Amino acid sequence: MEDVFAEPGRLALVSFGPLAGKVVSIVDILDQNRAIISGPLTDVPRQALNFKRLELLDLVTPNVERGMSDEDLIFKLNDDKTMDKWNETATAKSMAAKEMRSQLNDFERFHARHWMRKRQEIVGVEKPRTRGARTQEAS
């Protein structure tokens, strides 16, 4: 596994607090405990945040200089399509699915549960058949 270091341009996920679940970019490093972060595309204002609240991601926006302005950071993020790369990751997809499930109303939850049970019935019936067919053919 590759080491992930805090550096300007590194994307991070805020793990808890009022900004939990937001993706931010590290703009500058204050000391060994804090970094200045900014999320101009995710509506996170520039602020100092403790590394304990951040989960560093594998994505880095190239050529981000220390203390870069939000306008320049937006340009760099859009130029490198960093947020599109983030949206393609498994973590982002699972977060989006979780958000979508939390937005369902009562009927939609019932409908989803109903079709999940139907799918399980079909899969549960077909698995023993294929196993039985394989064992009969082998003997």
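The side chain of Ser38 forms a polar contact with the side chain of Asp70, at 2.7 Å. A polar contact is a pair of N or O atoms within 3.5 Å; within protein, one must be able to donate a hydrogen and the other to accept it, and residues adjacent in sequence count only if both atoms are side-chain atoms. The model is predicted: local features need pLDDT of at least 70, side-chain atom pairs count only at pLDDT 80 or more, and totals for chains, interfaces and linings use all residues. Residues are numbered from 1 along each chain as its sequence is written, and side-chain values use heavy atoms, with hydrogens and water left out.

Ser38 lies in strand β3; strands are DSSP runs (E, at least two residues), numbered from the N terminus. Ser38 counts as buried because its relative accessibility is 0%, where buried means under 20% relative accessible area (1.4 Å probe, protein chains only). Beyond neighbours within four places in sequence, Ser38 contacts residues including Val24, Ser25, Arg46 and Leu73 (heavy atoms within 4.5 Å).

Ser38 also lines the largest cavity, as do Val24 and Ser25, among others. A cavity is a set of points on a 1 Å grid over the protein atoms alone where a 1.4 Å probe fits but cannot get out; lining residues have an atom within 4 Å of a point. The largest cavity has a volume of about 30 Å³, the volume being the space filled by probe spheres set on the points, which are joined across faces, edges and corners. Strands β2 (23-29) and β3 (34-39) each supply at least two lining residues. β2 gives the most, with three.

Technical notes:
On a 1 Å grid over the protein atoms alone, a cavity is a set of points where a 1.4 Å probe fits but cannot get out, and a pocket is an open set with protein on both sides within 12 Å along at least five of seven lines; lining residues have an atom within 4 Å of a point. Helices (H or I, at least four residues) and strands (E, at least two) are DSSP runs, numbered from the N terminus. Buried means under 20% relative accessible area, exposed over 50%, partly exposed in between (1.4 Å probe, protein chains only).
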